[in-house]
Amino acid sequence: NDVIVPPKLTPEFRKAMQLARNALKISQKQLATTLQVSPKLIVEYENGKAIPNNQFISKLEKVLKTKLPRPKK
C-alpha cells in the first residue's frame, strides 16, 4: 500500500511570488512574456495548480529580484 503523495506548492511560495510581482508593478501577463511562458502558467503557479521546477524558480527569482521559498519534496 505505497501511496505516493504529489508534491505541494506551499502557500508561502505562492504569496511570495505574488508579492514580488506586485512590488515590481508587473502583471501576470508581463511576467509570462518576460519568462517566455504562457500567462496561464503564471496563473497556475500563483494559484498552486502547477509546481515550477527549481530551474524555473531560479529564473523567477532573477526576474522578480527576490528569493522564493522552494516547494517541499
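User: Let's start with Pro-69. Is it buried, partly exposed or exposed?
Analyst: Keep in mind that this is a predicted model. Pro-69 has a relative accessible area of 28%. Buried would need under 20% and exposed over 50%, so Pro-69 counts as partly exposed.

User: What does Pro-69 touch?
Analyst: Leaving aside residues up to four places away in sequence, Pro-69 touches Glu-12, Phe-13 and Ala-16.

User: And how far is Pro-69 from Pro-39?
Analyst: Their C-alpha atoms are separated by 21 Å, and the two residues are 30 residues apart along the chain.

User: Let's zoom out. How many helices and strands does the protein have?
Analyst: There are four helices and zero strands. Going along the sequence, the pattern reads α-α-α-α.

User: What size of box do the C-alpha atoms fill?
Analyst: Roughly 45 × 20 × 20 Å, taken along the principal axes.

User: How much of the protein is buried?
Analyst: Of the 73 residues, 29% are buried.

User: Which residues have the most contacts inside the largest nonpolar core?
Analyst: That core has 15 residues, and the ones with the most contacts inside it are Phe-13, Met-17, Leu-31, Ile-42, Leu-60 and Leu-64.

User: Which helices supply this core?
Analyst: α1, α2 (28-35), α3 and α4 each supply at least two residues. The one giving the most is α4, with four residues.

User: Met-17 was on your list. What does Met-17 touch?
Analyst: Not counting residues up to four places away in sequence, Met-17 touches Leu-31, Ile-42, Tyr-45, Glu-46, Leu-60, Leu-64 and Leu-68.

User: Now the helix pairs. How do α1 and α4 cross?
Analyst: The axes of α1 (residues 11-23) and α4 (residues 54-64) come within 10 Å and cross at roughly 30°. That crossing is left-handed.

User: Who makes the contact there?
Analyst: On the α1 side, Phe-13, Met-17, Ala-20 and Arg-21; on the α4 side, Ile-57, Leu-60 and Leu-64. Sorted by class, this contact has six nonpolar, no polar and one charged residues.

User: And how do α2 and α4 cross?
Analyst: Their axes come within 11 Å and cross at roughly 115°. Here α2 passes α4 in a right-handed crossing.

User: Which residues meet in that one?
Analyst: Leu-31, Thr-34 and Leu-35 in α2 meet Phe-56, Lys-59, Leu-60, Val-63 and Leu-64 in α4. By class, the contact has six nonpolar, one polar and one charged residues.

User: Switching topic: how many aromatic pairs does a search of the whole structure find?
Analyst: It finds one. The pair is made by Tyr-45 and Phe-56, with ring centres 5.3 Å apart and planes at 50°, so it is classed as tilted.

User: Are Tyr-45 and Phe-56 buried or exposed?
Analyst: Both Tyr-45 and Phe-56 are buried.

User: Which parts does the pair tie together?
Analyst: Tyr-45 lies in α3 (residues 39-47) and Phe-56 in α4, so the pair ties together parts that are 11 residues apart in sequence.

User: Last one! Of the contacts with a separation of 6 or more, how many join residues 24 or more positions apart?
Analyst: Residues 24 or more positions apart account for 58% of those contacts.

Key: Residues are numbered from 1 along each chain as its sequence is written. This is a predicted model: local features need pLDDT of at least 70, side-chain atom pairs count only at pLDDT 80 or more; totals for chains, interfaces and linings use all residues. Side-chain values use heavy atoms; hydrogens and water are left out. Axes are lines fitted to C-alpha atoms, for helices over the stretch in contact, and angles run from 0 to 180 degrees between N-to-C directions. A crossing is left-handed if the near helix is turned anticlockwise from the far one by less than a right angle, and right-handed if clockwise. Contact means heavy atoms within 4.5 Å. Ala, Val, Leu, Ile, Met, Phe, Trp, Tyr, Cys and Pro count as nonpolar, Asp, Glu, Lys and Arg as charged, and the others, Gly among them, as polar. Rings of Phe, Tyr and Trp (its six-membered ring) pair if their centres lie within 6.5 Å; planes under 30 degrees apart count as stacked, over 60 as edge-to-face and the rest as tilted. Buried means under 20% relative accessible area, exposed over 50%, partly exposed in between (1.4 Å probe, protein chains only). A nonpolar core is a set of buried Ala, Val, Leu, Ile, Met, Phe, Trp, Tyr and Cys residues joined through side-chain atoms within 4.5 Å.
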